[in-house]
4 protein chains.
Amino acid sequence: MTHKIAILGASGYTGAELVRLIALHPNMEIVALSGERKAGMRMTEVFPHLRHLDLPALCRIDEIDFSGIDLCFCALPHKTSQEVIRDLPRDLKIVDLSADFRLRDPADYEKWYGNPHAAVELQKEAVYGLTEFYRDQIRAARLVAGTGCNAATGQYALRPLISTGVIDLDDIILDLKCAVSGAGRSLKENLLHAELSEGYNPYAIGGTHRHLGEFDQEFSALAGRPVRVQFTPHLIPANRGILATVYVKGDARTIHDTLAAAYADEPFILTLPFGEAPSTHHVRGSNFCHVGVTADRIEGRAIVFAALDNLTKGSSGQALQNANLMLGEEETGGLMMPPLFP
Amino acid sequence: MTHKIAILGASGYTGAELVRLIALHPNMEIVALSGERKAGMRMTEVFPHLRHLDLPALCRIDEIDFSGIDLCFCALPHKTSQEVIRDLPRDLKIVDLSADFRLRDPADYEKWYGNPHAAVELQKEAVYGLTEFYRDQIRAARLVAGTGCNAATGQYALRPLISTGVIDLDDIILDLKCAVSGAGRSLKENLLHAELSEGYNPYAIGGTHRHLGEFDQEFSALAGRPVRVQFTPHLIPANRGILATVYVKGDARTIHDTLAAAYADEPFILTLPFGEAPSTHHVRGSNFCHVGVTADRIEGRAIVFAALDNLTKGSSGQALQNANLMLGEEETGGLMMPPLFP
Amino acid sequence: MTHKIAILGASGYTGAELVRLIALHPNMEIVALSGERKAGMRMTEVFPHLRHLDLPALCRIDEIDFSGIDLCFCALPHKTSQEVIRDLPRDLKIVDLSADFRLRDPADYEKWYGNPHAAVELQKEAVYGLTEFYRDQIRAARLVAGTGCNAATGQYALRPLISTGVIDLDDIILDLKCAVSGAGRSLKENLLHAELSEGYNPYAIGGTHRHLGEFDQEFSALAGRPVRVQFTPHLIPANRGILATVYVKGDARTIHDTLAAAYADEPFILTLPFGEAPSTHHVRGSNFCHVGVTADRIEGRAIVFAALDNLTKGSSGQALQNANLMLGEEETGGLMMPPLFP
Amino acid sequence: MTHKIAILGASGYTGAELVRLIALHPNMEIVALSGERKAGMRMTEVFPHLRHLDLPALCRIDEIDFSGIDLCFCALPHKTSQEVIRDLPRDLKIVDLSADFRLRDPADYEKWYGNPHAAVELQKEAVYGLTEFYRDQIRAARLVAGTGCNAATGQYALRPLISTGVIDLDDIILDLKCAVSGAGRSLKENLLHAELSEGYNPYAIGGTHRHLGEFDQEFSALAGRPVRVQFTPHLIPANRGILATVYVKGDARTIHDTLAAAYADEPFILTLPFGEAPSTHHVRGSNFCHVGVTADRIEGRAIVFAALDNLTKGSSGQALQNANLMLGEEETGGLMMPPLFP
């Protein structure tokens, strides 16, 4: 049986990435693509790399007949997403890729995003989309909130360690190296090739990045008490990839064993041998996340690394993985392509 | 039915690319991987991006039992390849990715490669592997010679024009822009990131590039008389891609129509609307080739563009496409993944 | 004696490049910097790499007192430049980096730029700024028009060949490979790092690039009859550099000797030994232009290469070289820094 | 008065960088360049970007007459350097860029470098070359040991904080992002453009990087008791630059004020306003180091950033700065060129 799929906001990178992935899915068919500012254009004009596919033209959301659609991906900007989803049919399965339904508490949402939430009831209903840790709820969900790409990377490095208590919860530092596609298709000077390539820099310094809201929510829930981490992202001249270097206090071998055990049966989260570190080179374009652990020379300190592709495992791949669960498909459907290297 | 596949020379880029593609093929299984200098190592050590796959370890060629193997890809260096293939079982289907069997005439081979051919009989038997133009012979072949990646790109731009005679055969200029993976995993100073990135330059200038042997052979055969082209490759700071800018004399509309007609039913060769030019961005990691034509402002001159990924359509993807034909599989099996963008 | 310098349009790349160069000039002092949209900001905010310099803040043009200024660089957008320069004091020395005064014929200007010229008298007065060929006129000029960066590169490869008649004037093809800073600080999707890096493509195809106006004007004047060339630029994922690959018909040795003789005494134009090709890697950040010649394998055909840095020799370095002449300074003042490699 | 300069090991990146810098120095002249494996070649063949300079050809070290030389830069590999310097004239001023004389204690040297030191007496005599902190000793020195590039970056972020005691000495984490030229001109697969670009990864993890020897020596001496830091370097796809993100415990404002005061009169170390972070983009090709401080959202934690160009301030620029002091020149001679951006 082929599921009918709509993608709202298909003119951005996560929308295009969904199309790329679904093109290889055995049981999904894209029947509607929206893009408000580019409505009327063919996808080939917006993304010529999809030229070989037979896709619907971009339309406005209000032109879509949702009655025949099985699942809708929302790849819209933050804030817009909640307003659109609020007005969609109540029985439509939705995977949202924006930040709008990640935080369960309306006050948290307002604190990090600066505006009151426009769909508080839906916010309560939404399931947090970190597949490996919310699998059963996602299977049963109507609305799944895709995680932040940085938030996903940090959680793959830390969740099993926090829930088992093998690290000091009060001294966790996440130093993230993020590729540029995470910023989306935004027209900003610092994202131009001339300004971004050949150098790198931190941004959102001092604990101001919005994905901290997700870390706080999830880690505190796991620990059963408030957990606050340090998190500094850096913009790196590459297009895809997030590398988390996580400094923790605890026994490195125990930390490695805890992660290896937690991910032993996971198809997409691969734990490297002790003492090895991952590279974003080795996950590009794929849905895999590589996790590694090393001991520092200083007793009692360990470093946990996690690497994934922000557009795939950090966003659209995660979304498809969740959609597979919601539709009763194989969880790995359309997602087993190897990374592209070189 | 699953075909048993061997890949000789699996520690280079074209070998790894074959593994990447075959991983998604419904009816192929890799049962042997050779790598003389890295024999004994696991593929994960040599190519950590393939970590999620269950692959045989690298071995020496003489350790492989070819009796159970249906088809063997040879991704060995030039010259080594002919010596190895000469000693393989006579009934083994082989797709060679080296330059060793591309030229039919032993004298041509020696002229361009500097040594006498070590397997002249096989050279005669080999079918030239430009799928779209040798489809029937490839289907029946035992030994197929993969084309040069630059040679493939130039031929997609020119073959239908030469065979129909719509351009001046004595004034053809190919200016190629080549990404670095075409040079393979060679340890040379000019291929280091520090020396290659941020700049670009011509190489093999003045009509000295070996792929000219293929152009001469193929274009002359098509025209029924000697055809010699100008060809200047340039090394560009990108990892995948070849862009051919081909300057010809003839009527641009006729040229476009000729190409569009020639490729109308091809699954992988896509002709753009008249006046549009392709980009290597839009074919990366895929088996597609985009072809475009524009008229110059000077009457009677046209420019033909062709863009493909040298590792996929220019090499390993082409090889798999040919293997599909040789094994009675769908020609497109394992090859329909969309390009990776961004 | 220190000359007082103003730079209009200092918030773009050519403006910043002028500041970089003048910082090392022994006899120039920047006293005014304009930037309409960023007026009031310090240069450090706009270009943090200039943090160590003591520079005036950005202001509006109408805030500048030109009475104490010896020379004014105009790095404003096309069309704006002519309107601003029209209203500047008549005795102020000006080096314009825009396209506004490159074409002497108002009809040519309108043909290529789409609007009537707003300062036709000044257009007549302006001297074309290709230093090596207009040195005496520049020394005496009040208003010098900086050349297009592509136009400069092509002319270094071709002018001595056209004026001596050693090549066929009716069959000249310029295939240019251009780095991205030539597009300026424009916010366009195709200039984003995510979309530009890792691939490349032709643009302004078919003889539509505006720098053809300069080629037509200059080459025809040199030849004493109309000369029209083919010119196809390509956008390459690098920040600085233009490489011209010029296909001509003529004797390669004669061509090389002609260029070597023409540039024998030039401080910035270096002719490579016969058969060697230049690389943009080796001119980055410098005012040098490397020129090379090779014979093709086809008798009577040659390829001329020229490589320079579009922001330096192609634009701001050229402008400073001209300013030096206009102010009676050493022509090479502030311009002898070696290229940056790697 | 012009000082006669020799550079040993001129065929590597730091050697070429010295030539680039000295080319602009008013009072230095290069009279000898050595390169054992490339002896007899002209520098233009090895580094075509230096084509415009009139330089001596590469020779073997034993061909150099040191009697007329005022100062010798040694840009040789580790271990070779100590053996060569041991045999140089005792009265020759030397700036060594290798690791051989950085550690004062022979046991420390052997621990980090794996072999006994071959010139223990010279090791004692050598002055550590971090100019801003050893200025007087360097002025009087005969042999100065250039620092590690990572070691320099970390020390600019931390030395004033450790000597004043404003941070917790037992909890210092340095997360470094390093460009590839720091690895030199080594032919390694992971340094190839095809393998390095488009991704990034940590290396020398777990406290195994040799520059830790310098941190231990210097920080412990400053504190008057053992100080051991955590240090994890990451390889980033860019050619020049080191960015240190340093996690410390202490009052962020006090930390900022301490650094600002320490560097108030330094020509090359610039402290950014509180809350701003530097970028390697803004120091490329220059001798400047930008230092920034922010408070984390967690009380009592601060993040210190330092950015410099590893080949300039981290190596050859530092070496020239020291040579200036040793020769009685202006400390900034040949070093005031602004960064190259974009």
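Select chains D and A: 56 residues of chain D are in contact (heavy atoms within 4.5 Å) with 56 residues of chain A. Before you go on, note that this is a predicted model, where local features need pLDDT of at least 70 and side-chain atom pairs count only at pLDDT 80 or more, while totals for chains, interfaces and linings use all residues. Residues are numbered from 1 along each chain as its sequence is written, chains are lettered from A in the order in which they are written, and side-chain values use heavy atoms, with hydrogens and water left out.

Stay at the interface. Chain D and chain A bury about 4500 Å² between them, 53% of it on carbon and sulfur atoms; that is accessible area (1.4 Å probe) lost on putting the two together, summed over both. Now pick Tyr200(D), Gln230(D) and Arg297(D): in chain D they lose the most area to chain A, together 20% of what that side buries.

Next, show charged side chains. There are 10 salt bridges between chain D and chain A, each a side-chain nitrogen of Lys or Arg within 4 Å of a carboxyl oxygen of Asp or Glu. Zoom in on Arg297(A) and Asp216(D), one such pair, at 2.8 Å from N to O.

Last stop: cysteines. Zero disulfides (cysteine sulfur pairs within 2.5 Å) turn up over all chains. Select Cys149(D), whose nearest cysteine sulfur, that of Cys178(D), is 6.7 Å away.
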